[in-house]
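Here is a short note to read beside the model. Please keep the sequence open as you go.

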Amino acid sequence: MNARFRDRGLLCTAIALGVGVSTGHPLAITAAAGMPLACLSPGTRRAAFKTAIGYYVAGLWPMVPGLDRYIGQSTTLLIPVTLWIFAAAVLSVPWTIAWASNRSHCLWRAPLALLATVVPPLGIIGLASPLTAAGYLFPGTRWTGLVAVALLPGIVLATRALDLRRRCIVLCSAIGFCIGFTIEARTFSPGQSDLPRGWIAVNTHFGDVSGPFRDFPAAQFIQREAGQRSARVLIFPEAVVPRWSEATEVFWRQSLDQCRSRGQILAFGAGLPAKARAGQDKRGSLSELRSYDFGPAIDALKRMDAPRAIHGSAFSLATHAPPADDLMKPYPEPIDNTLLVVGAESATFYQRVPVPVGMWRPFNRASVPLRLGAPGVVVIDRQRTAVLICYEQMLTFPILVSMLQHPTVIVGISNTFWVDGTPIPRYQGTALRGWAKLFRLPYLLAVNS
């Protein structure tokens, strides 16, 4: 009976930790470092699975409203719910396997279970990881703090195989180490690093800019901001330019020339056609756009205000031009989600992990590619910049891979209009801030809502 009450208490604890994590509050994410203790302490393997799935079900519930808004127009609520339960069950498997009746084995089983939920393939959906707490527990300690968060639960669990005296010695030593480590990190280590001089992140409120002509006001805003600000580097959110092509570059030409003359760099989220996966090379057809004179059309658009461009005159232009009718038809093509660097410097950073099902859809021609081997750092203004694009901010392995490449600044860009009203945007910001604290790096976050 005591064992049953204990297992129920651990289940309730795990659910409470999961609910806390889902809020995105820093204290709740810090408390989640104790999740391995709750998941590996039950008396049976079955109870361990229940505890683990309880944590993930409670922690991942924002997936349901998020995915429902993202793919809900073409499916039922059953699909997001199924994906939510599936993700929770799959992430619970390593903890179920790691459970052992001999607690001394937890010394190595707990870190391995944690590692299994962080690295691919499970790392692709490895949300709500206890490792995210490292930056708030041990700021500035870098990899040492990360290893401490990974090992301490196993050490605590392994002490149950010792006699009372030895258990007290080990636990007191572990607690003393944590307290001393935290005090040293907060007292003797430098604070948050300063941002690179002249770097700013610009938040926007464009909503969904993927519809016809909705990207025109967004492009005008970005170009106007670039012209009005004296900053050296301006960071704009994810997907504010839905599709960057040769025609788009013509529209941006004047602004880009001005940026180059001022030595200004723009970095913004953009969709790039994934030419290598489209079945044929489209460079020839894109280059043909250079033979057309887009000047009159661009001038006409610039003379309109944004509401007319979206709701009135722009659609009139489209309906009277036969080629535009073809452009308006849905045409599925593979698109890479990128951070595009233009102006005084040019570079392209590819998103490594798009949202599964929502963006990355294996065997679907319109899927955003999964690029696990892509670089985690891009050089901008002589700064080695670790970039996390939207969904990647909620995972663990993309930031850790980037940290192995010795960045000097962290940049996050996201597009949260489809999850506004859920805790997801807050979790993204809290997680990004935590990693910046852990590795003592400056960070910028640009969000479109």
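1. Start with burial. Buried means under 20% relative accessible area, exposed means over 50%, and partly exposed lies in between (1.4 Å probe, protein chains only). By that rule Asp-381 is buried, at 8% relative accessibility.

2. Some ground rules. This is a predicted model: local features need pLDDT of at least 70, side-chain atom pairs count only at pLDDT 80 or more, and totals for chains, interfaces and linings use all residues. Residues are numbered from 1 along each chain as its sequence is written, and side-chain values use heavy atoms, with hydrogens and water left out.

3. Now the charges. Side chains of opposite charge can pair when their charged atoms come close. A salt bridge puts a side-chain nitrogen of Lys or Arg within 4 Å of a carboxyl oxygen of Asp or Glu. The whole structure has 6 salt bridges.

4. One of them joins Asp-381 to Arg-232, with the closest N and O atoms 3.0 Å apart. This pair links distant parts of the chain, 149 residues apart. Arg-232 is partly exposed, at 27%.

5. Another joins Glu-225 and Arg-229, at 2.6 Å from N to O. Glu-225 is buried, with a relative accessible area of 12%. Arg-229 is partly exposed, at 37%.

6. What about the cysteines? A disulfide needs two cysteine sulfur atoms within 2.5 Å. The search of the whole structure finds 0 disulfides. For Cys-172, the nearest cysteine sulfur is that of Cys-168, 6.1 Å away. Cys-172 is exposed, at 55% relative accessibility. Cys-259 is buried, at 1%.

Terms used
Helix = DSSP H or I, 4+ residues; strand = E, 2+ residues; numbered from the N terminus.
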